[in-house]
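Here is a protein to get to know through a few "how do you know" questions. Please take a look at it first.

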Amino acid sequence: MIMIDQSKRLREPLRWTRAGRAAVLAAAACAVLAAGALGVYAVTSGAPARADCVQVTFASTLGGAKLQGCGQRARVICASGYEFKSIADSLRQACRHAGFPFRGP
């Protein structure tokens with residue numbers, strides 16, 4: 001295949017056309033709008049945090065485990081803190097944060 005004027009094309013820098021600039025500008029504007037919409041969605045979605053929830057993550061035999069509860073379930077977890085001797089410090093702190101009395105070791 002014969003490359004006519006190949007060396008000339010390689011020597012000269014690419015030139016932006018008006019349509020090329022408009023396309024890049026439109027793509028950048030779409031990306032900025034999409035990022036803004038995603039940010040608004042991330043801030044406004046999800047359930048609000050409850051103040052009466054207890055959540056403790058701890059090491060277990062098969063990896064990480066989670067002990068969690070809200071409301072009455074959290075009150076029961078904090079009242080039976082003596083059953084969770086290995087995570088007593090973390091559970092005590094979570095119960096204090098939720099406003100429940102901790103009964104444990």
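A helix here is a DSSP run of at least four residues, numbered from the N terminus. Keep in mind that this is a predicted model.

Q: Where is Asp 5 placed?
A: Asp 5 sits in the segment before helix H1, which spans 6-11. Its phi is positive, about 60°, although Asp 5 is not a glycine.

Q: Why is Asp 5 called partly exposed?
A: Buried means under 20% relative accessible area and exposed means over 50%. Asp 5 has 47% relative accessibility, so it counts as partly exposed.

Q: What makes Cys 30 exposed?
A: The cut-off for exposed is over 50%. Cys 30 has 53% relative accessibility, so it counts as exposed.

Q: How do you know that strand E1 and strand E2 pair?
A: Pairing needs at least two bridges between the strands. E1 (residues 53-60) and E2 (residues 63-70) have eight bridges, so they pair, and they do so in the antiparallel sense. One of the bridge partners is Gly 63 in E2, which goes with Ser 60. A hairpin of two residues joins E1 to E2.

Q: What makes Cys 53 and Cys 70 a disulfide?
A: The sulfur atoms of the two cysteines must lie within 2.5 Å. For Cys 53 and Cys 70 the S to S distance is 1.9 Å, so the pair counts as a disulfide. The pair links distant parts of the chain, with Cys 53 in strand E1 and Cys 70 in strand E2, 17 residues apart. The link of Cys 53 and Cys 70 is right-handed, with 105° about the S-S bond.

Q: How many disulfides does a search of the whole structure find?
A: The search finds two. Besides the link already described, Cys 78 and Cys 95 form a disulfide, with sulfur atoms 1.9 Å apart. Cys 78 lies in helix H3 and Cys 95 in helix H4, 17 residues apart, so this pair too links distant parts of the chain. The link of Cys 78 and Cys 95 is left-handed, with -100° about the S-S bond. With bonded cysteines counted along the chain, the pattern is 1-2, 3-4.

Q: Are Cys 78 and Cys 95 buried or exposed?
A: Buried means under 20%. Cys 78 has 0% relative accessibility, so it counts as buried. Cys 95 has a relative accessible area of 0%, so it is buried as well.

Q: Which residues of helix H3 are buried?
A: In H3 (residues 72-79), the buried residues are Ala 74, Ile 77 and Cys 78. They cover an arc of only 95° around the axis, so they are on the same side of H3. What covers them includes E1, E2 and helix H4 (88-98).

Q: Which residues touch the most other members of the largest nonpolar core?
A: They are Val 54, Val 56, Leu 91, Cys 95 and Phe 100, in a core of 14 residues. E1, H3 and H4 each supply at least two residues of this core. H4 gives the largest share, five residues.

Terms used: Residues numbered from 1 in each chain as written. Predicted model: local features only at pLDDT ≥ 70, side-chain atom pairs only at ≥ 80, totals over all residues. Heavy atoms only, no water. Buried < 20%, exposed > 50% of the residue type's maximum accessible area, 1.4 Å probe, protein only. Arc of directions from axis to C-beta. Contact = heavy atoms within 4.5 Å. Core = buried A, V, L, I, M, F, W, Y, C linked by side-chain atoms within 4.5 Å.
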